Amino acid sequence: MNGGDSSEDVEEQEQVMSEVHLGCPPGISGPHVSRFTISLPPEVESSRYNELFKVEESRAQQEFMVDEDGDLVLPRRSQTPDRCFTVKIRHNITSSIPSVGLQVWKAELLLADFVLHKMCTSVEFDGIVALELGAGTGLAGMLLACVAKTIFLTDHGDEVLDNCLKNVEINAGVLSCQASIYVRELDWMIPWPPNVSPDSSSQKRYSWTSTELEECQGASLLLAADVIYSDHLTDALFGTLEQLMPVGSDKVLYLALEKRYNFSLNDLDVVANGYSRFKSCLQEEEEGCGGFKCELLPSFIGKRMNITEIPQYVRHYDKGNDVELWQIRCNKQKP
């Protein structure tokens with residue numbers, strides 16, 4: 001055994017699994033196709049839901065149940081049919097840490113709920129240009145494509161990007177996408193803007209054209225889910241945001257995260273990797289300057305949203321207590 005393995009080598013070898021995949025067939029690492037059922041929550045009244053999605057009345061699976069005496073119990077017919085549709089997501093059940101974009105994570109489902117609720121109850125996202133950072137399987141961006149003008153699904157590495165594109169393709173007949181969807185490479189370790197191909201003949205599969213880059217810089221909405229899990233990637237993300245968000249139109253980022261606790265030898269305590277670094281990159285909205293000069297304030301203002309106000313559209317997952325959704329904007333007070 002080589003005792004000089006770097007942390008990058010360890011990350012490549014270590015396998016992790018999202019708890020979203022706990023019901024998947026055992027012994028399979030991937031790829032696997034899961035079906036995520038999406039329905040209108042009973043507390044939400046939305047005339048747009050049926051217009052936006054190809055919904056159908058769900059047929060309850062026949063389940064034979066017996067009471068304590070062994071007599072058959074017949075299920076009651078629901079008075080209100082359950083209007084739902086199914087999105088197929090191709091994903092791995094386990095992956096190395098650098099390839100976690102091949103899995104579905106809980107924060108991605110929360111972000112999907114948020115996007116769906118905005119789409120069903122307002123026209124705020126209609127006709128917009130949007131960019132998803134660390135898109136992974138592409139779920140939230142694909143749903144948003146039902147009302148947006150253009151969606152850029154971005155991530156790093158051909159394996160993750162190939163899988164994201166495959167999900168776009170297998171859901172083309174399910175989602176009534178109005179938007180143009182582009183799957184593009186975006187490495188946060190390389191300063192923004194990304195390199196562009198000089199002409200279409202030399203363009204690599206996931207590279208940018210100058211026209212796409214110009215449209216992307218005019219995006220008003222940015223999305224990200226489950227991209228906060230290490231300090232160095234958090235630094236790289238905010239480095240990209242510092243270069244991207246001031247360009248073009250005013251931008252807002254909605255970022256969903258899940259705090260994962262591990263014992264840290266450096267801190268000799270249980271910590272949520274990346275979370276403290278994430279918080280240090282933000283001035284929380286209610287904090288203000290406190291009477292001091294604002295030169296040293298972070299470049300971004302963040303507001304933690306109340307996720308109890310976001311109804312659950314994606315079925316069969318538990319939000320738990322460790323997922324958060326943040327609204328992030330540029331700090332206009334910063335010189």
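This is a predicted model: local features need pLDDT of at least 70, side-chain atom pairs count only at pLDDT 80 or more; totals for chains, interfaces and linings use all residues.
User: What makes Asp 226 count as buried?

Analyst: Buried means under 20% relative accessible area. Asp 226 has 10% relative accessibility, so it counts as buried. Asp 226 lies in the loop between β11 (221-225) and α7 (231-244), and its phi is near 55 degrees, a positive value in a residue other than glycine.

User: And why is His 316 called exposed or buried?

Analyst: The cut-off for exposed is over 50%. With 73% relative accessibility, His 316 counts as exposed. His 316 sits in the loop between β16 (300-304) and β17, and has a positive phi of about 65 degrees although it is not a glycine.

User: What makes those phi values worth a look?

Analyst: Most residues other than glycine have a negative phi.

User: How do you know which peptide bond is cis?

Analyst: Look at omega: from Trp 192 to Pro 193 the angle is near 5 degrees, and that bond is cis. Pro 193 belongs to the loop between β10 and α6.

User: Why are β10 and β15 said to stand at the edges?

Analyst: The open sheet has eight strands in the order β10-β9-β8-β11-β12-β17-β16-β15, with mixed pairing. β10 (180-185) and β15 (282-284) each have a single partner strand, so one side of each is left without a neighbour in the sheet.

User: What makes β12 and β17 a pair?

Analyst: Pairing takes at least two bridges. Six bridges join β12 (residues 252-258) to β17 (residues 323-330), and these strands run antiparallel. Leu 257 stands opposite Glu 324 in β17.

How values were computed
Residues are numbered from 1 along each chain as its sequence is written. Side-chain values use heavy atoms; hydrogens and water are left out. Helices (H or I, at least four residues) and strands (E, at least two) are DSSP runs, numbered from the N terminus. Buried means under 20% relative accessible area, exposed over 50%, partly exposed in between (1.4 Å probe, protein chains only).
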